[in-house]
Amino acid sequence: MSFELNRKLAARRDPLPTSINIDPVTADIVRGAFETVCFEAATHLGRAASSPIINQSNERNAAIVDANGRLAMGAIGTPHLTFVNQMMVRWGLMNVEVYDWGPRDVFLSNDPDHGGGHLPDYCVYSPVYDDKGELIVVLTLQAHQGDTGGKDPGGFTLEAADIFTEGVSFPCVKLVHRGEKRSDVIHMIERNNRFATFAGDLAAMIGAVQRGAKMLDGMIGKWGADVVKAAINQSIDHTERLVREEVARWPDGIYEATVLIDHDTVGTKDVKVHVACTVKADQLTVDLTGTDDRPNLVGVWNTFANSRSYVMTQLCAAVDPTIVKNEGMFNAVEIIIPEGCIAQPPPNKPAALGSFHPACEITEAVCLALSQVVPERSAPQLYKIGMPNAVIGFDENGQMWMDQGVDCRSMDVSAVQGIDGWGSCPVSLGNLILSEAEDAECRFPILNISREMTTDAGGAGQWRGAPGSLNVKQVLAPTMAMAWMVSADHPLRGMCGGDDAIPYSNRFEVGTSGEYKIERTAQAQLPADAVIAYQHGGGAGFGSPLLRDPEAVREDVLDEYVSLKAARKKYGVVLTGSLEDYDLAVDHAATEALRKEMGGKLPALEAVE
Amino acid sequence: MNYRVGIDIGGTFTDFALLKGADVIVHKNLSTPQDRSLGVMEGLGSLAQKEGLSLTDFLGRCDAIVHGTTVADNTLIEMNGAVTGLITTEGFRDEIEYRRGFKEDIWDVRLEPPRQITPRRRRLTVPERVLHDGSVHKPLDEAAVREACRKLKKQGVESIAVSFLFSFVNAAHERRAREIIEEELPGVQVSLSHEVLPRGPEYDRTSTAVVNAYVAPRVTSYLESLVTRLGEGGYRNQLMVMQASGGVMTVDYIRGSPIRVLASGPAGGVVGSAHVGNAKGHPNLLCVDMGGTSYDMSLVLDGAAPAEAGWTMHHRYLIGVPMVKVETLGAGGGSICQINGGALQVGPRSAGSEPGPIAYGRGGIEPTVTDALVMLGILSTEEGFAGGSFTLKRDGVEAAFAKLGEAMGTSAEQAAFDCWRVVNARMSQGVRRTTAGKGIDPKDLVMLAYGGNGPAFAATQAEELGIEKVLVPKASPTFSALGTLVANPSIDEERSCIAKADALDLDQLRSLWTELGARARKFFADSSFNSDQVVANYQLNMRYAGQNFSLTFDVAPDRRLHDLSFIDDDLGARAIALFNQRHMAEYSHIREHEVPEVTGVRLATHVNTPSPVFAKGFPVSTGNPVPTKSRRANLGSGYADTPIFLGCDLQPGHIVNGPAIIEESFTTIVVYPGWKTIVDIAGDYEMTRTG
């Protein structure tokens, strides 16, 4: 639990020892089979779990880590989770004897200071051995839990001074010993969780990991450990080579970007993330030097493993999407994160909110920097929302419920060159299946009033961001609601001349004399019937709005993504006819003249092609 | 003697299966895309001729004509359905566009959006609100509905979906909206969400209703023109239509919910498989259908192919109505083999049928799976292959694989073999993903292979998955038409009701099931079945609180319609026990201390109708047949001179030991090394492992 430990955990690992060589086709066949095990485990968990965040939102991940602690082959699940689990397993691997590892064991880990992300991201894993007793791989499963047993329900404490405020940390604890559940340990963990359905979720995780590990055991038996080891080595090497080949095609240079977070949870302003991406031949270095390290910051500490993961999530977007996501990604890229900055905090810092920010600003900065190199793949993979309005109450049994619901509707879907932002979230969150009003209202005393996109709430651009939605809901019983507002002063940035997204804003007790806008944070006791309204920032634009096809702008106006006023003011498009009669037409001459006039006032307006 | 005719219209061929007593007569002719009913009438004419009857006499003697159609699928593929509007609850205009956040590829920032059936300008909202308990929070603003109609009229809307929140609990607002739309926009079709899919949550129901509205005019006008033509031709009975749920129903029923015919072709194949499997004593099957562009996988368990209603993305749109679960992988004969990022990739890109594989000689230049099979000597390039309709050509195939091999540092033959391995592996993983989360080990199943390319890969697939036995019906290339004949008339519907299982409102359950029963009785009566013939399975949807997906199970199977005597004070306790049993089977655990909740009641009804009989068993061995020729072929363990048999020469009782190749009409069956094939009494093939 130290910077030194972080260095050890992140150090490059050796290939698995094997004397045999296998052909690339066989290697790829083995890889596909292993990925299918991940699919099976993740599917099983998603179907068996009770909490909406796992079974509806699908926020879970399955991966295979090899005996040297490397992300072995493709994983199935949320990208932001995919690149963390191997760090947690490495802590266990460093202590195999201490923790008495053996076949059919299942472990739990979530410790931010032992390779983890934030506390709610539980990693449950099981080692798999060959018939000679040699450890070959570890099957890992991660899922976000509804509570972590800390000061505040849900695990997010706005003013947390340390990790202990946020809940219980597990560096590596054994849940199943040689196939036998350790009831004492499991009951202790269940006892330290407020969430009514937690026991079911944990049982589902254990069941899914055991099932997957058994399948892996069969595969190692079938192919032999050496073939599996050789296949892992090849898969990792192959990925590294492909990434390096892509980087080698990028122009050498240093590409930098700075992104600011409005404030931390106690109001310290303009928290900075700085990234320098250096391309030299086939080597890419991502350096976070210059990122904020003010020790008095509160809430904005992202764990080391998470910071690496969020860098990698954006790098994956920047390269061919078919490249297998494994340790080869890390081998191909050098990531430098200064010790003590908000992207590599000292031990015992709180970690819950850091997974939102600065985690996402790291992603955004990498995207901005690389937009100078790979504009065609520059769409930030993040969530700029401070945190969703977490609405928390207790049922008649005193069990906690939370309509956190990841109830973003449209947020942060930026355009990318050639494609307008679409759908609900950036593509990296596309495996989420958002909760719906009809499900939530059957369970909780809330009423969803509106969740539509707001006209003009997306960044304008040659390709435009998806408009952000306005989420309005009413609580029908006295309820606690919590919020942290950011991305208002510093909204999501546009790419290559595109406009920024609109600022986020959030109001509580809407329509009453007590209505207020949340400037920084809120932890409020809402009376029955109070209304809360969260305007999401939407996606940012790509390229200058004055280059957008005027016919596309006309379509946008017809669909009320863009207002008539903004068509003229932002896009320089003059339309005739009326929206009410659906007979809008582009006045091409007037548009050309207006754009010329506007273009003269704009600083830089070169086409992005 | 009277007839039953099954018809399946595919992209290229229209397949017919005529059931005459115990005999099945199969026929195929080209589809007629401009007006598909023409191809149907042409084929019926040919069948009449074979029977020595005029078309009028033939149709007059048909008890049933059963039809599987791709018209709804084609509408979604070609995106040429009705101009569709959506009227929904104020505040919820964009749920359909959000897709609950789902995107098909989480790594590709260049993923294109699906085309919107209802672009935002045609999604209009009206003030109204019903709560989860069915109470009205805000009355329907009728003036707003009329205003929405005027706006949609200006946009030339032909079909409208109406989806209000919690309409599955209280449908009054949706019903009233329909009345207003009918007044304002006469002639426009209306799809009410609570009728198309009476359950939550809103995206799933709205999407299903929108797709229904989009395909409705095309499906109904097509079926009506077919009904007219058949009537003019002399057919006196109801045209029965195949549904994705695996049952058939009248055109009248389909008109109320045209979306139910989506994917009905594949469903027919699975239903046919279940029937064949049962007849031959194999109730648990893995069905694989490999055609030109795709590899379709499905499961038959305990002799049935249960339809599931849930999260089914079909052509990128969520469809919530019951569908026989068929998973599709882009791996077929036309799948293209290429190097991508240094790795060999086979599919999902396909050469289709035009230009098709290089071996088709129609201008294809990229090597495909079919071409690899030619290189491996598995497919013949002699005259008369595939029933004589055309001949595969070797020209250009070798050169294409030589080029591929060069990039991989191997020979042309090795490159073709590697393609065969890769496509095999993709299919095996596809199967494992099909069984994922279901607690099924493929090795406990029997494989049933059909489609043009299925039998060429079946045994090696089986070996990879640990499966010991493979069935290949002689009629495998026209299996879906046969399936429509096997399918029973059926109605599978549900009504929502949410309650803790230990606090059920029995009167409410009784009334919901009574309502479902009344609907079933009406539609069965319309198709000339009386209530006594109807078999009713009363089912519940249940889950633990917080779970997203309910499990469906029988609570009172094989009942008479309207026999609700099973509803008693003990029902809740029985439901909990049955649910836990089902949960254990599905997820390997239960939550002993939790009371699950009921989310809906279902009524699955059917009438048993005569099906083709598939014989089982083997006559006394008639000895090993003699191959007609041999060919140099690589069946997975290197090139060797391989015996070739012609299907038409093989008799029941014949045994063919692998390695060998059997050339059947429209398909090629490979007996891999370590396998043998026996021709059973019905002329179907059963392959088993010997090594």
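Helix α6 of chain B covers residues 172–184, and its 13 residues reach 18 Å from first C-alpha to last. That is close to the 18 Å expected at 1.5 Å a residue, the expected span being 1.5 Å times one less than the number of residues. Helices here are DSSP runs of H or I with at least four residues, strands are runs of E with at least two, and both are numbered from the N terminus.

A word on the source before I go on. This is a predicted model, in which local features need pLDDT of at least 70 and side-chain atom pairs count only at pLDDT 80 or more, while totals for chains, interfaces and linings use all residues. Residues are numbered from 1 along each chain as its sequence is written, and chains are lettered from A and ligands numbered from 1 in the order in which they are written.

Back to α6(B). Which of its residues are buried? They are B:H173, B:E174, B:A177, B:I180 and B:I181. Buried means that 20 or more other C-beta atoms lie within 10 Å of the residue's own; exposed means 12 or fewer, partly exposed is in between, and the C-beta atoms are placed from the backbone. Seen down the axis of α6(B), the buried residues fall within an arc of 120°, so they line one face of the helix. The arc is that of the directions from the helix axis to the C-beta atoms. An α-helix has 3.6 residues a turn, so residues three or four places apart point the same way. On the other side of α6(B), B:E179 and B:E183 are exposed. The buried residues pack against several elements of chain B, including β5 (84–89), α5 (142–154) and β9 (159–163).

Next, the domains. Chain B is divided into domain 1 (79–214) and domain 2 (490–607), with bounds from an automatic or database domain assignment. Their C-alpha centres lie 28 Å apart. The contact between them takes 5 residues from domain 1 and 4 residues from domain 2. Two residues are in contact if their C-beta atoms, placed from the backbone, lie within 7 Å.

Now the contact between the chains. Chain B gives 56 residues and chain A gives 67 residues. On the chain B side, α8 (202–233), β21 (343–350) and α13 (412–435) each give two or more residues. The largest share, 8 residues, comes from α13(B).

One residue in chain B to look at is B:M41, in helix α1 (residues 36–50). Buried or partly exposed? B:M41 is partly exposed, because 18 other C-beta atoms lie within 10 Å. Leaving aside neighbours within four places in sequence, B:M41 is in contact with B:R229 and B:G233.

Chain A, then. Chain A has 16 helices and 22 strands. Its C-alpha trace spans about 80 × 60 × 45 Å along its principal axes. Buried residues make up 64% of the 609 residues. Of the contacts in chain A with a separation of 6 or more, 73% are between residues 24 or more positions apart.

Last, A:R60, which lies in strand β1 (residues 60–66) of chain A. A:R60 counts as buried because it has 29 C-beta neighbours inside 10 Å. Not counting residues up to four places away in sequence, A:R60 touches, among others, A:A42, A:I54, A:T78 and A:L141. A:R60 and A:G494 are 434 residues apart in sequence and 30 Å apart in space, C-alpha to C-alpha.
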